[in-house]
Amino acid sequence: AYYILCRAPYEIRGNMKKFGITKLLGGGVYKAAYPLHDCRFNVKSTEERCPNERFLLYKEWAHPKNFYKMQPLDLIRKYYGEKIGIYFAWLGFYTFMLALAAVVGLGCFIYGYQMQESSTWSKEVCDPEIGGKIVMCPQCDLCNYWMLNSTCDTSKKLIIFDNFGTLVFAVFMSIWVTVFLEFWKRYQAELEYEWDTVEFLEQEEPPRPEYEAKCIYETTNPVTGVKENVPFTTCGRCFRVSIGIGTVLFWIVLILASIVAIIVYRLAVFLSLSVRLKDAGDLKNLEPIKEYVTPQMATSVTAGLISFVVIMILNMLYERVAIWITDFELPRTRTDYENSLTLKMFLFQFVNYYSSCFYIAFVKGKIVGYPGKPVYLLGKYRNEECDPGGCLIELTTQLAIIMGGKAIWNNIQEVLLPWAKNLIFRYCTRSTSQKAEPPRWEQDFQLQPFSQLGLFYEYLEMVIQFGFVTLFVASFPLAPVLALINNLFEIRVDAWKITTQFRRIVPEKAQDIGAWQPILQGIAILAVATNAMIIAFTSDMIPRLVYYWSFSLYEGHTDHSIKGYINSSLSFFNTSAFSDATMNAQVERLSNITICRYRDFRFPPGHPREYEYNMYYWHVLAAKMAFIIVVEHIVYLTKFILTHVIPDVPYTIKERIKREKYLTQVILHESKLKLVTKHLKPFVEDMSSQKEAEKENEVELSEF
């Protein structure tokens, strides 16, 4: 019925032909067009032959109290169609697989939490005789000297996430994501067979009405050889695609510009807080004004919040632009339209959501120079430095803010927004004279219309979350736990929303999750590299291992030990080597400090190669590169083996499909035999009658 409504002509003027319910809705001729719910969601219908499927879905699935129950996928598919059914099947399977990852991640977090008091290098930072006597160089031009033990609390928090368990968990998640995708393919194949969509893609998909309405150029179909109309020439198509690509690149550059602005904000705020929070009279209280407040932490938290706000604003603006670009490109079929929009939206969202995390993980603190020769951004702002323990704790903070804020914001939007709109609409259209219950179509008219792209945003939300869970899990083992909790609510929130707050959705067939499948596979491949690089370049694990297995023996220890690592990882700097501009800016510095320390592996002052990288630096760099190569090859090999060992289609399903094809061939063969027999029957009868006549003649002749 919907197919006919979208193509039914309603006006013809000369060569102009107007058709489709969509155009009539856009012109205001009709207010709405939608299929009806079979009953109210919370009251069972008393009408005869009413299946009450909506009531049953709400009672057994959409109600929040059913969060622990399995989803009735067959009923969902029957009521809403295969496209909605496959989404909830994927979301439920993803949530089920997250349970295992959440348990392992929680165990890794507990392991790190118990280690924070027993960590040797953390104890050295907090020790008044070690960290309390190490004077650190200023981290900005207007900053003062600070004591290493002022970061005692930060180092204890860092140990929770920067430990050997994190490495094990990162490797586990790289394998988990492969197992998840392979088993999802198997589960998807089962649903394809049960829902009879195995050969759906082999059927020709009709063009969209919007495409058909613009067909004015004649061309020859390369497949059928039949002449058909298209909406644009080859040059016109190239022009439209070029406009789309240029617009997407412009918005990606805009995101990168916002990231640079946030970086400048971080530098400026860190400089301001460092000046305000210092106390030149007491060296022990230079940095923190309270137990947990430091310029580094305050800058990270505020920058994370601002980054989240910028992400959400750009997201809302770009959604409109992406839809406009895709409409302008005029894809032929519904599948082409969704795939084109999916690619544009995901490229933008990937840069929008993940760029700040990539900056903290792989850029911040990597290009800072040394105290006597720092590197400046835009010639004015000195590049940020990491804490003595690294930038991992800041990456963890950023992930927690974005993941938590995004989950809260999306759930508020999905629950409160449609509920408030329906409430306001019912209040504005209420009738005081009407006493009887309004008809079904009028009750459904008071609900929110379900956008044709509504399911697209649900997929996008989950895929972005999937990226956070896999790409940066080495810095935040609790990411699967947060994702699991969010998804348990997400399933019921989405179910409640489409069952109670939206009009019934026009059913659509779907064989799989479409373009999202290769996107998930791409994220899974990228996750191996990002997690290996986070452990190598963002965490402090590799330098500690190099010191433990190699350089600790040169420090006077008789056996491998981590003692003395902090002192070994901090280089010396002569304060007299500060530049004149830096010295003039630091008028409040204490004059009795001649040597300060900074986080790097360089030769000390007075050495023939002073302030150049020492042998420790090159050993650590070689160990980092070797770690990345070894881990990536091992994990990729494991993923390759799992991909080929686990078949995409279960053996039983293959046998059933073969059985059905065999029975189909048998039926076709028998039907053809019956058809041939039917056509040959008169001829056979004639032949038999002729033979009988000949026999009678022969008998008569013999008697004669």
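These questions and answers walk through a predicted model of one protein chain.

Visitor: How many helices and strands does the protein chain have?
Guide: The chain has 704 residues, and 46% of them are buried. Among contacts between residues at least 6 apart in sequence, 75% join residues at least 24 apart. The count of secondary structure elements is 22 helices and 12 strands.

Visitor: Over residues 341–362, how far apart are the end C-alpha atoms?
Guide: The unreviewed UniProt entry annotates 341–362 as a transmembrane region. In the model this stretch is 100% helix and 0% strand. Its end C-alpha atoms are separated by 30 Å.

Visitor: Which residue caps the N-terminal end of helix 8?
Guide: Helix 8 spans residues 164–194 and reaches 45 Å, close to the 45 Å expected. Just after helix 8, aspartate 196 has a positive phi of about 60 degrees. At the N-terminal end, a side-chain oxygen lies 2.9 Å from the backbone nitrogen of glycine 165. That oxygen belongs to asparagine 163.

Visitor: With which side chain does lysine 78 make a polar contact?
Guide: Lysine 78 lies in helix 4. Its relative accessibility is 60%, over the 50% cut-off, so it counts as exposed. The side-chain contact, at 2.9 Å, is with glutamate 53.

Visitor: What is the handedness of the disulfide between cysteine 126 and cysteine 152?
Guide: The sulfur atoms are 1.9 Å apart. The bond links helix 6 to helix 7, across 26 residues. Cysteine 126 is partly exposed at 22%, while cysteine 152 is buried at 15%. The torsion about the S-S bond is about 100 degrees, so the disulfide is right-handed.

Visitor: How many residues apart are cysteine 137 and cysteine 596?
Guide: These cysteines form a disulfide, S to S 1.9 Å, and both are buried. The link is right-handed, with 90 degrees about the S-S bond. Cysteine 137 sits in the loop between strand 3 and strand 4, and cysteine 596 in strand 12; their separation in residues is 459.

How values were computed: Residues numbered from 1 in each chain as written. Predicted model: local features only at pLDDT ≥ 70, side-chain atom pairs only at ≥ 80, totals over all residues. Heavy atoms only, no water. UniProt positions renumbered as here; feature names shortened; annotations may be inferred. Helix = DSSP H or I, 4+ residues; strand = E, 2+ residues; numbered from the N terminus. Expected span 1.5 Å × (residues − 1). Polar contact = N/O pair within 3.5 Å; in protein donor to acceptor, adjacent residues only side chain to side chain. Buried < 20%, exposed > 50% of the residue type's maximum accessible area, 1.4 Å probe, protein only. Contact = heavy atoms within 4.5 Å. Disulfide = S-S within 2.5 Å.
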